[in-house]
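This report covers aromatic contacts and helix packing. Inspect the model first.

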Amino acid sequence: MTLEATSPSANYGSTASNSSFYAAMRILPHDQREAMFQIYSFCRQVDDIADSDGPRDERLAALQEWRNDIDALYQGHPPPRLADYVGSVKTFGLKREDFLAIVDGMEMDVPQDIRAPDMATLDLYCDRVASAVGRLSVRVFGLPEEDGILLAYHLGRALQLTNILRDIDEDAGLGRLYLPREALLHAGITSDDPNRVIAERALPKVCLPLTQRAKAHFEKSDEIMNRNRRRAVRAPRIMSKYYHSILDLLIARGFNAPREPVRVSKVTRILILLRYAFI
């Protein structure tokens, strides 16, 4: 589960104005809440680098600096920008490799913009920018190791695929296309030019199988959350319900152009909170 699982064009940047993350995290006890906001801050900062319009070599260098700082944190010499993370890393057993995976995921868009990756590359991307965040998060939430890893796997991919489907037009405006090459070819689309692809009449044939894939991941994540303590899964449950609502809206709207943006209503968000936040 991501903090605000999206394609990199909005991975963490829109969270500050989006109540889903804050609503889900504000219900947590103080230490957990602080750890989650530290994870969010880290993701936001590395995402800002990947999404900036600076020279690509400078962005790569800046991401490498973050890798060096993560290494220093785990070697007992945290740099100033990670000094506050020491307690959370120790208390919740946060893993160095998960922080580094997030940096690796952000970097996938830097040497060149992602355009029609093959399915294996897309899955790797989802694992790095979404499920790695989930692996950090489930440790904070206090889930058992095995189920925590499984939840991070399935819910991270469900949220990320939902956002890829939601942000097709926005990403195309940035020169990015996250729809998998195999699905495009199966629909008879041979171009990987984002602006050409989003205008294709066959685009729904590409998107609908991805909605089914996302739904399957949501179902698996629900199975995992249903067998764990309700308090331990309150925050991921809220995120799951919110993003499942987005997916349902996308399916109801369809993927033919023109595509109006979808938004979960305030009433729906409140109902999700009332049902899952107060246990």
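Rings of Phe, Tyr and Trp (its six-membered ring) pair if their centres lie within 6.5 Å; planes under 30 degrees apart count as stacked, over 60 as edge-to-face and the rest as tilted. One aromatic cluster is formed by Phe42, Trp66, Tyr74, Tyr85 and Phe99.

The model is predicted: local features need pLDDT of at least 70, side-chain atom pairs count only at pLDDT 80 or more, and totals for chains, interfaces and linings use all residues. Residues are numbered from 1 along each chain as its sequence is written, and side-chain values use heavy atoms, without hydrogens or water.

The structure holds 6 aromatic pairs. Phe42 and Phe99 form an edge-to-face pair, 5.1 Å centre to centre with 90° between the planes. The two residues are 57 apart in the chain: Phe42 sits in helix H2 (residues 30–51), Phe99 in helix H5 (residues 96–107). Helices are DSSP runs (H or I, at least four residues), numbered from the N terminus. Both Phe42 and Phe99 are buried (under 20% relative accessible area, 1.4 Å probe, protein chains only).

The axes of H2 and H5, lines fitted to C-alpha atoms over the stretch in contact, come within 9 Å and cross at roughly 25°. That makes H2 roughly parallel to H5 (angles under 35 degrees).

The criterion is CZ of Arg within 6 Å of the ring centre and within 35 degrees of the ring normal.

| Charge | Ring | Distance to ring centre |
|---|---|---|
| Arg81 | Trp66 | 3.6 Å |
| Arg253 | Phe255 | 5.4 Å |

Elsewhere, 16 of the 22 residues of H7 are buried, so H7 is largely enclosed by the rest of the structure.

Note on methods. Buried < 20%, exposed > 50% of the residue type's maximum accessible area, 1.4 Å probe, protein only. Axes fitted to C-alpha atoms, helices over the stretch in contact; angles between N-to-C directions. Parallel < 35°, antiparallel > 145°, perpendicular 65-115°, else oblique.
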